[in-house]
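I open this notebook to record what I looked up in one structure. The entries run from the whole chain to single residues.

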Amino acid sequence: MKMSGSLNHEMIDDAQAKRAQAYADHFGQPGYADPTQMYIDQNYAGYSAENQETWTTLFDQQMTYLREHASKTYLDGAKAINLRRDRIPPLSDINARLLPMTGWQSKAVPGYVPAKAFFACLSRREFPTTIVIRPKESIDYLPEPDIFHDIFGHVPLHADPVFAEFLQTYGLAALECEDDHHTERLARLFWFTVEFGLIREDGELKVYGSGLISSPGESRHALTSPDVDRRPFHLETVCDTSFEIDHYQPILYVLESFEQLRDAMVTYAERVMTGKGKPSSAKRAVPTP
Ligand SMILES: [Fe+2]
């Protein structure tokens, strides 16, 4: 998964990371079912002064805009996990705050996590987190996720109990889907909500999807461009909508509330799990934070 000239992979170029990545690459095969084997330490001393500066630059650039244009749930979450501008967050600090709120945890991973492994993590309220950061010269755009995308973009919403339940339920349902058709539909749902979702709050459109939250260019485009078709969220319609990854999204879906998303997901999960003879309520598997 090493891509030279992109992320600062050298800080995870050790035996632990190689072992964890090998496990991730085999996940789902006999003997490879434990998501915790994919987790690594966040080698904090591996961040350079330039890496820290990149974080601060990105934070300042985006947070100024987001204070006006991000969902209140995101902004409240960022405060609740004490997201700071002056340093790349130690995952242990974030997790100490998240645990009593929703039970979610961010777990460092060395690189690509295959779909089934990713779903297994979500089903445990564990978020596989890229810990490396983009280089200064790619500050405006990087196709791969980095810690700015994963922590700044995703994790604040994990502090919200409703979103927290949605995301775990998504993981539980996705883990049960064996056929490609349903897996693809769930990938679309993730894309149009967790990654690129919009929400209406007090009559105003706001961003909450991590791909928008962590992208200066696309967050502005999503809210203001006349070229974007902003449609009301409906789970089945979203699952029927295909997406492309290499340009700004021409179609986005707008939630009325996170309860709408959570309730639609719980209903979908109950159908998937009942159909397979699994427990009828995904909520049963929610651990006590
Ligand atoms: Fe993401």
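The entries below follow the order in which I consulted the model.

**Entry 1. Basis.** I note that this is a predicted model, in which local features need pLDDT of at least 70, side-chain atom pairs count only at pLDDT 80 or more, and totals for chains, interfaces and linings use all residues. I number residues from 1 along each chain as its sequence is written.

**Entry 2. Confidence.** I looked up pLDDT, the predictor's confidence in each residue, from 0 to 100. Its mean over the protein chain is 90, and 92% of the residues reach 70 or more. Two segments stay under 50: residues 1-5 and residues 277-289. With contact defined as two C-beta atoms, placed from the backbone, within 7 Å, I find five contacts beyond four places in sequence for residues 1-5 and 26 for residues 277-289. Where pLDDT is low, the predicted coordinates should not be read in detail.

**Entry 3. Overall form.** I looked up the radius of gyration, taken over C-alpha atoms, and the globule rule of 2.2 Å times the number of residues to the power 0.38. For 289 residues a compact globule would come near 19 Å, and the protein chain has 18 Å, which agrees. Along the principal axes, the C-alpha atoms fill a box of roughly 50 × 50 × 35 Å. I took helices (H or I, at least four residues) and strands (E, at least two) as DSSP runs, numbered from the N terminus; the protein chain has 12 helices and six strands. Among contacts with a separation of 6 or more, 65% join residues 24 or more positions apart.

Entry 4. I call a residue buried if 20 or more other C-beta atoms, placed from the backbone, lie within 10 Å of its own, exposed if 12 or fewer, and partly exposed in between. By this count 45% of the 289 residues are buried. A nonpolar core is a set of buried Ala, Val, Leu, Ile, Met, Phe, Trp, Tyr and Cys residues joined through C-beta atoms within 7 Å. The largest one has 76 residues, and Tyr170, Ala173 and Ile213 have the most contacts inside it. Helix H7 (residues 161-176) gives the most to this core, with nine residues.

**Entry 5. Glycine 171.** I find glycine 171 in helix H7. Is it buried or exposed? Glycine 171 is buried, with 24 other C-beta atoms within 10 Å. Not counting residues up to four places away in sequence, glycine 171 touches Phe119, Leu122 and Ser123. Its C-alpha atom is separated by 8.1 Å from that of arginine 124, 47 residues apart along the chain.

**Entry 6. Helix H4.** Leu91, Ile94, Leu98 and Thr102 are buried in H4. They cover an arc (of the directions from the helix axis to the C-beta atoms) of only 60 degrees, which puts them on the same side of H4. Ser92 and Pro100, on the other side of H4, are exposed. The buried residues of H4 pack against strand E1 (105-109), strand E2 (126-130), helix H6 (147-154) and H7. Glycine 103 follows H4, with a positive phi near 85 degrees.
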